[in-house]
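Q: I'm new to this one. Could you walk me through how to read it, one feature at a time?

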Amino acid sequence: MITFTTNFGDIEIELDMETAPVSSKNFLKYCEDGFYEGTIFHRVIKGFMIQGGGFTADMDEKPTRAAIVNEANRGLKNIKGTLAMARTDAPHSATGQFFINLGNNDFLDHTGTTNAGWGYAVFGAVTAGMDVVRKIEKARTTSKMGHDDVPREAIIIEKVTIT
């Protein structure tokens with residue numbers, strides 16, 4: 001289990017190492033390296049998702065390791081409370097950023113091996129702290145340094161604990 005201690009409260013996460021081993025191991029390695037500590041949830045869209053794992057409170061993007069293969073074709077669904085890898089428009093471009101689904105976002109699921117159909121790889125789920133996730137969801141947002149949907153108050157991942 002992984003616990004994100006944020007300035008809004010704790011979020012506990014369980015990884016699905018069996019179904020999404022590449023994404024899970026990638027995320028776990030970033031956690032072990034302390035990469036997420038001091039990063040923010042930099043994109044919050046009510047009813048959709050909260051995204052984090054890439055920027056400091058000053059909106060400085062952190063350097064990452066190489067991109068990983070997209071495991072969205074392994075059957076896990078983007079349903080409420082699941083964690084998925086964030087990426088660019090390129091299907092196999094995920095590195096350190098992730099998001100937590102706030103609803104059942106089936107339009108993010110794998111439908112085919114085209115660029116549009118690859119989807120977003122789910123690799124875990126929130127097991128405790130959805131109240132904290134919902135509190136983050138309610139944050140007022142703005143545009144900041146070329147990014148939209150940025151919370152006005154920094155929502156910081158202060159500490160990551162692996163048990």
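A: A nonpolar core is a set of buried Ala, Val, Leu, Ile, Met, Phe, Trp, Tyr and Cys residues joined through side-chain atoms within 4.5 Å. Buried means under 20% relative accessible area, exposed means over 50%, and partly exposed is in between (1.4 Å probe, protein chains only). This is a predicted model, where local features need pLDDT of at least 70 and side-chain atom pairs count only at pLDDT 80 or more, while totals for chains, interfaces and linings use all residues. Residues are numbered from 1 along each chain as its sequence is written, and side-chain values use heavy atoms, with hydrogens and water left out.

Q: Which residues touch the most other members of the largest nonpolar core?

A: In that core of 32 residues, they are Phe-4, Ile-11, Phe-27 and Tyr-36. Helix 1 (residues 21-32) gives the most to this core, 4 residues; helices (H or I, at least four residues) and strands (E, at least two) are DSSP runs, numbered from the N terminus. Another core, of 7 residues, lies apart from it and includes Ala-84 and Leu-108.

Q: How do strand 3 and strand 4 pair?

A: Two strands pair if DSSP finds at least two bridges between them. Here strand 3 and strand 4 (residues 49-56) run antiparallel, with 5 bridges, and Phe-41 has Gly-52 in strand 4 as its bridge partner. The two strands make a hairpin with 3 residues between them, and Gly-47 in the turn has a positive phi of about 75°. As for cover, 5 of the 7 residues in strand 3 (39-45) are buried.

Q: What about phi in residues that aren't glycine?

A: Most residues other than glycine have a negative phi. Met-59 has a positive one, about 65°, in the loop between strand 4 and strand 5. Met-145 also has a positive phi, about 50°, and lies in the loop between strand 8 (141-144) and strand 9 (147-151).

Q: Is each of them buried or exposed?

A: Met-59 is buried, at 6% relative accessible area, whereas Met-145 is exposed, at 59%.

Q: Which side chain of opposite charge is nearest to Arg-87?

A: Lys and Arg count as positive and Asp and Glu as negative; His and the chain ends are not counted. A salt bridge is a side-chain nitrogen of Lys or Arg within 4 Å of a carboxyl oxygen of Asp or Glu. For Arg-87 the nearest is Asp-89, 5.6 Å away, and this buried arginine has no salt bridge. Still, a polar atom of the Arg-87 side chain lies 3.0 Å from the backbone oxygen of Gly-119.

Notes:
Polar contact = N/O pair within 3.5 Å; in protein donor to acceptor, adjacent residues only side chain to side chain.
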